[in-house]
Amino acid sequence: MEDRGGNDVPASIPSGEQMVWADVSPLIAAACNDLHDGELIHGENFNLFAAMSALEIMDPKMDSGMERNGFHSIEEAIENGAAPIPLSLDRTVDVQRCIDVMDHLLSCEATWHRGHSLAQTVFSCLYLLRIERTSTHPLLHSYCRIMRSTCDVVITAVSDARTHEEEDFFTTAYSLPLKGDGDEKCLSLLNSVEETVSRQLRACKAQASRKKLCDGRGLELAKKHVMSCLSELGSMSKSVEFLRSNAGGPSDGEIECRTTASGKQPFGFDANINSRLSAPTPPRAIQILSWKQAIEFFEKLLNDMDAIFSLPLDLSLENILQFLVQFQKSQPDLVARAHLQLLLVQDGKLYGKYSFHVVISRALVLPEGTSDQAFQENEFVVQLGQLTINLIKILCTNNAWQRRKLGKILQDWGVISIQLELAFRREFDEMLKVSADEILFTRLSKRLIVWAEEKTYWIASRFLLLGFQLELYSPKEYCMVYWYMYVIFVNLLEKMQMRASYPVDDSRRKGKKKRDLAKDVGLESGVCASSSCMLLQCYVYISEGLTMMLAALHNERQIFKISSPFNSEHERFIQHFELLQRANVPPHISYHLFMESTTHVRISNVVKHNYFREVQRILASLRGSFAGDSNKLLELHQLEQVIEHNRIALSVIDQVGASDPSLEIRFEFQHHPFFPVAVVKRS
Amino acid sequence: MEGETASDPIADGSPLVSRVRKLLFRRMLVGVKDGRFFLGSFHCIDKQGNIILQDAVEYRSIRRSPQSPMEQRCLGIILIPAACRSSCHVDCSINEQMSLLSII
């Protein structure tokens, strides 16, 4: 038996006092021979169940301490020359190798962002693990310092935002040396190194600057920083040819998966050196992103950051919610989402500047005579402020998390609307010690209720729409989903219209920011609100049209009908809308009602009703009001496509006869993320 | 561990098995093929020679050289498959050692 431990017990493992280590291998081997199959030798306290949880030694999935023919420790690796400083005595080679290390570190960082452990990615770098060694090599040293403090900054941001899930991102750093004295000054360190480098090594100038904002005095600065980072990434990409030709590395085909621009293997990395630190998770085999992928990753991250920094700071809550929905469409990375959340909600204030009662009062257009103090202290306003903060935070999370949480907070919003309804008159009478003008209180609290209800329906609609993005609905369920969406949109529209109808009494507004507020409110309840209402009206018609079309197809063709022996249609209805029903959003909605409104629908009714034609009319008039808003114009175009195709499909079905067995009907989301197009084919 | 638990005492009463049974709960030091050692309380063994130790500590040399210092890590309950075991010792007095050696 070949073994390194041998039969000799190392002296550093002492036996007990007056005791020795006796070799029992032969005894055990002989005893095992005498055992029957399945027999165990164990004590009375033995519990098979507990024994099952034992960590299996030498199992690569469980045993993080396994030796993998690598170095036993960082020190041993360094002593064996795995991370030489300088990287070469030849200065040109030294620079080339240094760039390889930087490139690989960048790939490691991107891989870490994608959800792998810090220990197996960035901190597989021996230079980074013993950063003090690099002090004689200013370029490498500053890069390592920057890398370390960047990781620290990112971890802090993500942990503060608390929107990460375990599989998203490893914020746990275990015992890795993440913090170092003077790391906060790393940018100036970097600057001085860059100056030196650009003097000494012109060819490598582009490599020295690093991305990421370590600090930022205002969004303008941050934007500038992002721009310069993007241009640096651009020049890095341009340097590929140069670096590759110098290195004489592998061929183009192979280079795609390499982690350095030159295509060479970098010095000073050992993916297994930290495997014991990643406990309790067993070390997993990971693939570091290629250099090219890493560059793309950071370009996307920087572009997302740029979108965040471009957000104007005087937005109304409505616009912020819209921005969040729009921003999420680009599927931003966790780090970008965390930063967005931190920017929006700081110290319980919007942008760290406006209290949420101010944000709410802006949206309400408070009637004259409302005492700010009393409004601010009103318990409902406080609660609504808190709910709004939660809503913003939730909208910064990933889609699955978002939907889960939105479903949960619906309840809170539903409850507060009811409470408001019940309590407003009495409460406001006491709180707002204004002359006993009953009309004023009624108006104010009415507005508060309408606002809260509007938000409730908005949350409900977002909840339902996210179901499409997460692919939670099957075609057989589309009918009930669009029916529910239709109901929600109708209610949301009603509330929005009520709010838009408030008189804009800017002449009577008071307060320091009079002009700002007036402008903001005027804009919101004027043009913007009316075009948002019209767009929503389109949603209403399309949802209704789709519901009816699907219902008619159920009724006349028996397709898209749930006929599973396991889940009845009623059960699926409950599964999908339980949270909405529980929150009473909207009230008095039931499966029964759904059945009632869909069982008798025929294709001929749907054609006659012409829901889609209505939409076309509205869309045409909307174009002008969204001029300049490319996102909105894109959506209008998408909706037009949906309408047009469905209208044609509908008339084809009607002409051929819905019950014609040669018709093949499918619904596809090729034009719009949540409104499908009926594809009709004759076989 | 596979198979059913042998809750009843071993029927044929092999003297070797009873000797091993006496080692239960003793401090056992198991070396494995990659050079590490595990010290823990002997908890269980099956016919295939797979050993379970409780409250185990891993010893691992931080350098390749034989005189290297060792680092330790607590692991709790571990299963050491027979296939990777390279040595097995128990802590005992010198007298006992003689009797253990005389068995075979």
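This is a predicted model: local features need pLDDT of at least 70, side-chain atom pairs count only at pLDDT 80 or more; totals for chains, interfaces and linings use all residues.
The buried residues of helix α1 of chain B are covered by, among other things, α1 (25-34) and β2 (40-42) of chain A together with β2 (37-46) of chain B. Helix α1 of chain B spans residues 15-22, and its buried residues are B:Leu16, B:Val17 and B:Val20. Seen down the axis of α1(B), these buried residues fall within an arc of 100 degrees, so they line one face of the helix. An α-helix has 3.6 residues a turn, so residues three or four places apart point the same way. The face of α1(B) turned away from the buried side carries B:Pro15 and B:Lys22, which are exposed.

Of the 104 residues in chain B, 55% are buried. When contacts between residues at least 6 apart in the sequence of chain B are considered, 43% of them join residues at least 24 apart. B:Asp55 counts as exposed, because its relative accessibility is 63% and the cut-off for exposed is over 50%.

Helix α21 (residues 569-582) and helix α22 (residues 591-598) of chain A pack at an angle of about 120 degrees, and their axes lie 10 Å apart. The two helices are therefore oblique to each other, and α21(A) passes α22(A) in a right-handed crossing. In this contact, A:Glu569, A:His570 and A:Phe573 of α21(A) meet A:Tyr591, A:Phe594 and A:Met595 of α22(A). Sorted by class, the residues of the contact are four nonpolar, one polar and one charged.

The loop between α21 and α22 of chain A holds A:Pro586, which is joined to A:Val585 by a cis peptide bond with omega about -15 degrees. A cis peptide bond also joins A:Ile85 and A:Pro86, with omega about -10 degrees, and A:Pro86 is found in the loop between α3 (74-79) and α4 (91-113) of chain A. Another loop of chain A, between β4 (345-346) and β5 (349-350), contains A:Asp347. The phi of A:Asp347 is near 50 degrees, a positive value in a residue other than glycine, and A:Asp347 is exposed, with a relative accessible area of 76%.

Technical notes:
Residues are numbered from 1 along each chain as its sequence is written. Chains are lettered from A and ligands numbered from 1 in the order in which they are written. Side-chain values use heavy atoms; hydrogens and water are left out. Buried means under 20% relative accessible area, exposed over 50%, partly exposed in between (1.4 Å probe, protein chains only). Helices (H or I, at least four residues) and strands (E, at least two) are DSSP runs, numbered from the N terminus. The arc is that of the directions from the helix axis to the C-beta atoms. Contact means heavy atoms within 4.5 Å. Axes are lines fitted to C-alpha atoms, for helices over the stretch in contact, and angles run from 0 to 180 degrees between N-to-C directions. Angles under 35 degrees count as roughly parallel, over 145 as roughly antiparallel, 65 to 115 as roughly perpendicular and the rest as oblique. A crossing is left-handed if the near helix is turned anticlockwise from the far one by less than a right angle, and right-handed if clockwise. Ala, Val, Leu, Ile, Met, Phe, Trp, Tyr, Cys and Pro count as nonpolar, Asp, Glu, Lys and Arg as charged, and the others, Gly among them, as polar.
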